[in-house]
Amino acid sequence: MAANLLGHYRLSQAVVASMRANGWGRIAHLSSGLVEDGPPGASAYVTPKAGLHGLTRTMSRELAPAGILTNLVMAGVVVGDRQLPEAMLQQVSAAAATGRTTEAVEVANLVVFLCSTANGHITGELIRADGHFLTPA
């Protein structure tokens, strides 16, 4: 709960006053598509993430009139420098429509766009950046 919901909430609250004063701001929360899939055994992870989805939508309605746009990016499985067992890597790759894991730069590029002046009207969105990943059964 502390990391996956309260941290996002507290950090957002810490910056909102200065964003309001500037009449402009962007907030991008990071989450997971697992919230939509609800895989068994993941309730401790999924529950606070689901709260984060609700927080994003609520903040959007509250803050957009002040010029602050709030969105959420659902990142896929990002391997990075981790060494995953080959069987696991194949399973998570096959679970994505693209047939591969997500690259960190793909998530980062989306967050940069959402937090830039190029984003002038997207708010309250829960955007998947996971190659349309569906939790393996």
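Asn71 has a relative accessibility of 1% and therefore counts as buried, a term that stands for under 20% relative accessible area, with exposed meaning over 50% and partly exposed the range in between, for a 1.4 Å probe and protein chains only. The structure is a predicted model, in which local features need pLDDT of at least 70 and side-chain atom pairs count only at pLDDT 80 or more, while totals for chains, interfaces and linings use all residues. Residues are numbered from 1 along each chain as its sequence is written, and side-chain values use heavy atoms, with hydrogens and water left out.

Asn71 belongs to strand S2, where helices (H or I, at least four residues) and strands (E, at least two) are DSSP runs numbered from the N terminus. Setting aside neighbours within four places in sequence, Asn71 has contacts, meaning heavy atoms within 4.5 Å, with Ile27, Ala28, His29, Thr56, Leu114, Asn119, Ile122, Thr123, Gly124 and Glu125.

Ile68 also lies in strand S2, and at 0% relative accessibility it counts as buried. Beyond the residues up to four places away in sequence, Ile68 touches Val16, Met19, Arg20, Trp24, Gly25, Arg26, Ile27, Leu63 and Thr123. For one of these, Arg20, the C-alpha atom is separated from that of Ile68 by 7.4 Å, although the two residues are 48 apart along the chain.

Ile68 is also one of the twelve residues of the largest nonpolar core, together with Leu5, Val16, Met19, Ile27, Leu52, Leu55, Met59, Leu63, Ala66, Leu72 and Met74; such a core is a set of buried Ala, Val, Leu, Ile, Met, Phe, Trp, Tyr and Cys residues joined through side-chain atoms within 4.5 Å. At least two residues of this core come from each of H1, H3 and strand S2 (68-75), and H3 gives the largest share, four residues. A second, separate core has five residues, among them Val73, Val107, Leu110 and Leu114. In soluble globular proteins, nonpolar side chains tend to be buried together.

The axes of helix H1 (residues 2-22) and helix H3 (residues 43-63) come within 9 Å and cross at roughly 15 degrees, the axes being lines fitted to C-alpha atoms over the stretch in contact, with angles from 0 to 180 degrees between N-to-C directions. H1 and H3 are therefore roughly parallel to each other, as angles under 35 degrees are classed. The residues making this contact include Leu5, Val16 and Arg20 of H1 and Leu52, Leu55, Met59 and Leu63 of H3.

Conventions:
Angles under 35 degrees count as roughly parallel, over 145 as roughly antiparallel, 65 to 115 as roughly perpendicular and the rest as oblique.
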